Amino acid sequence: MYPPPHSHPYAPVPPPRPLRRWWQHPALVVVLLVVFPPAGIALAWTSLWKRSQKILATVLSGLWFLLPFLVPDPPEDDAKAERPAATASPSPTPTPTPTPTPTPSETEEAPVMPALVGGDYASAEQILTANLGRAHAAYKDVDLPAEYGTWLVCFQRPDAGAAVASAVPVVYLTEPGVPCPQSPNAVLHKPTPKPTPPPAPKPRPTTQPPAPEPEPEPEPEPTREAVEEDVYYRNCTAVRAAGAAPIHRGDPGYARHLDRDGDGVGCEN
């Protein structure tokens with residue numbers, strides 16, 4: 001058999017080509033160069049590529065890997081402009097606050113002052129006690145006893161029909177059988193005028209020497225009761241002006257209208 005034409009009988013035989021492994025497949029190396037450049041570069045240098053191809057693949061993959069670090073970040077305003085407008089979330093509907101139901105005590109109206117004039121104190125004691133009311137004698141020279149439930153009401157404050165909360169209730173009482181005065185703090189027992197002594201008898205003319213005239217007897221000193229009846233103070237200002245403040249029960253001029261709290265000492269302040 002003749003040798004093929006143009007062949008030299010002594011031409012050198014080329015060396016056998018090395019066997020390619022699966023990790024040296026060009027498609028796998030290219031994918032790794034794009035997706036994960038460090039691994040793709042390492043596989044590229046173990047592949048059967050030419051040296052120039054390996055260098056080109058290394059340079060391109062390295063630039064691709066470093067590209068995000070080399071490009072500067074866009075300005076914040078531009079980044080905001082490029083961002084799509086966020087869809088406005090619907091605002092929550094406010095839940096209506098339930099109106100508190102008023103309690104029975106809130107809906108009740110303020111108590112009003114009833115008509116107490118003409119009745120006894122027992123009928124007025126309940127509203128006075130509930131509203132810290134007070135009771136006084138209608139006559140300033142009369143003191144209330146320890147029990148005065150049967151005494152009659154002559155005056156009241158505030159008037160009937162007025163709101164009790166506007167003023168502290170006060171009633172002025174008089175003993176049963178004693179008429180009410182024209183106004184509170186009147187005087188019941190007026191002072192008795194002093195009796196005028198009779199004129200001294202005229203001496204009869206006689207021849208005998210006149211007997212020595214008897215020394216006139218000194219007028220009796222007014223009792224304490226009379227002094228108390230003569231002294232009257234209209235208010236605490238008059239008591240202080242007379243230098244009698246504080247005035248105690250039993251002192252001349254003491255009256256109930258000067259002792260509002262009824263402790264026996266008037267015009268304390």
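Author: One begins with handedness: a crossing is left-handed if the near helix is turned anticlockwise from the far one by less than a right angle, and right-handed if clockwise. The crossing of α1 and α2 is left-handed. This is a predicted model, in which local features need pLDDT of at least 70, side-chain atom pairs count only at pLDDT 80 or more, and totals for chains, interfaces and linings use all residues. Residues are numbered from 1 along each chain as its sequence is written, and side-chain values use heavy atoms, leaving out hydrogens and water.

Reader: At roughly what angle do the axes of α1 and α2 cross?

Author: Axes are lines fitted to C-alpha atoms, for helices over the stretch in contact, with angles from 0 to 180 degrees between N-to-C directions. Helix α1 (residues 26-35) and helix α2 (residues 37-46) cross at roughly 145 degrees, their axes coming within 6 Å. Helices are DSSP runs (H or I, at least four residues), numbered from the N terminus.

Reader: Which residues of α2 are buried?

Author: Buried means under 20% relative accessible area (1.4 Å probe, protein chains only). In α2 these are P37, G40, L43 and A44. They lie on the same side of α2 because they cover an arc of only 130 degrees around the axis, the arc being that of the directions from the helix axis to the C-beta atoms.

Reader: Against what do the buried residues of α2 pack?

Author: They pack against α1 and α3 (51-70), where contact means heavy atoms within 4.5 Å.

Key:
Helices (H or I, at least four residues) and strands (E, at least two) are DSSP runs, numbered from the N terminus. Buried means under 20% relative accessible area, exposed over 50%, partly exposed in between (1.4 Å probe, protein chains only).
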